[in-house]
Amino acid sequence: MTPASRLALIAHDEKKDDLVAFAADHVEFLKTCHIVATGTTGQRILAACPGLNLTPLKSGPLGGDQQIGALISEGKIDQLIFFVDPLTPMPHDVDVKALMRLAIVYDIPMALNRATAEIMLENQENG
Ligand SMILES: O=C(CO)COP(=O)(O)O
């Protein structure tokens, strides 16, 4: 049996509805995962998909992105789905950049939009 995937889920405010819809569409796969999420994203997903094994961390602007980056550096995250809003300035932009950098350094799959996330999960749902 393959071990459950350890998945990190994050969405900026303008993309939260999209990520919640994505999670609802893939809820059967997500039920097989250990999930961490930034605070508000996690609460939104849990409200829409109760019963997931999902731990909300701090909100992004309060350190949630850095918490997920730290988990990546410890080898505790297998893949990252982060629906980024490229049109809104963020006070914690440096944290977002640092998180993406660590996902690249540790070479974990990282989907930054829904089109890529669909391909990422499709591979696993059909495999
Ligand atoms: O800001 C975020 C990611 O950079 C997301 O944080 P929240 O899920 O707490 O809104």
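**Notes on the predicted model**

1. Asp107 is found in the loop between helix H5 (93–105) and E5; helices (H or I, at least four residues) and strands (E, at least two) are DSSP runs, numbered from the N terminus. The phi angle of Asp107 is near 55 degrees, which is a positive value in a residue other than glycine. Most residues other than glycine have a negative phi. Asp107 counts as exposed because it has 7 C-beta neighbours inside 10 Å.

2. The structure is a predicted model, in which local features need pLDDT of at least 70 and side-chain atom pairs count only at pLDDT 80 or more, while totals for chains, interfaces and linings use all residues. Residue numbers start from 1 along each chain as its sequence is written.

3. An open sheet of five strands is present, with parallel pairing and the order E3-E2-E1-E4-E5. Its edge strands are E3 and strand E5 (110–111), each of which pairs on one side only. Two strands are taken to pair if DSSP finds at least two bridges between them. Strand E4 (residues 79–83) pairs with E5 in the parallel sense over two bridges, and Leu80 has Met110 in E5 as its bridge partner.

4. How many bridges join E1 to E2? There are four, and the two strands run parallel; Arg6 has His34 in E2 as its bridge partner. E1 also pairs with E4, in the parallel sense, over five bridges, and the bridge partner of Ile10 in E4 is Phe82. Five of the six residues of E1 are buried, so this strand is largely enclosed by the rest of the structure.

5. Which residues of H3 are buried? They are Thr41, Gly42 and Ile45. Seen down the axis of H3, these buried residues fall within an arc of 95 degrees, so they line one face of the helix; the arc is that of the directions from the helix axis to the C-beta atoms. The buried residues of H3 pack against strand E1 (6–11), helix H1 (16–25), strand E2 (34–37) and strand E3 (54–56). Contact here requires that the C-beta atoms of two residues, placed from the backbone, lie within 7 Å.

6. Arg44 also has its place in helix H3. With 19 other C-beta atoms within 10 Å, Arg44 is partly exposed. Leaving aside its neighbours within four places in sequence, Arg44 is in contact with Lys16 and Val20. Arg44 and Asn113 are 69 residues apart along the chain, and their C-alpha atoms are separated by 18 Å.

7. The ligand is surrounded by 13 residues, the closest being Thr38, Thr40, Thr41, Ser59 and Gly60; a residue is near a molecule if its C-beta atom, placed from the backbone, lies within 6 Å of it. Helix H3 (39–48) and helix H4 (64–73) are the elements that give two or more residues to this shell. The largest share, three residues, comes from H3. By class, the shell has three nonpolar, nine polar and one charged residues. Ala, Val, Leu, Ile, Met, Phe, Trp, Tyr, Cys and Pro count as nonpolar, Asp, Glu, Lys and Arg as charged, and the others, Gly among them, as polar.

Technical notes:
A residue is buried if 20 or more other C-beta atoms lie within 10 Å of its own, exposed if 12 or fewer, and partly exposed in between; C-beta atoms are placed from the backbone.
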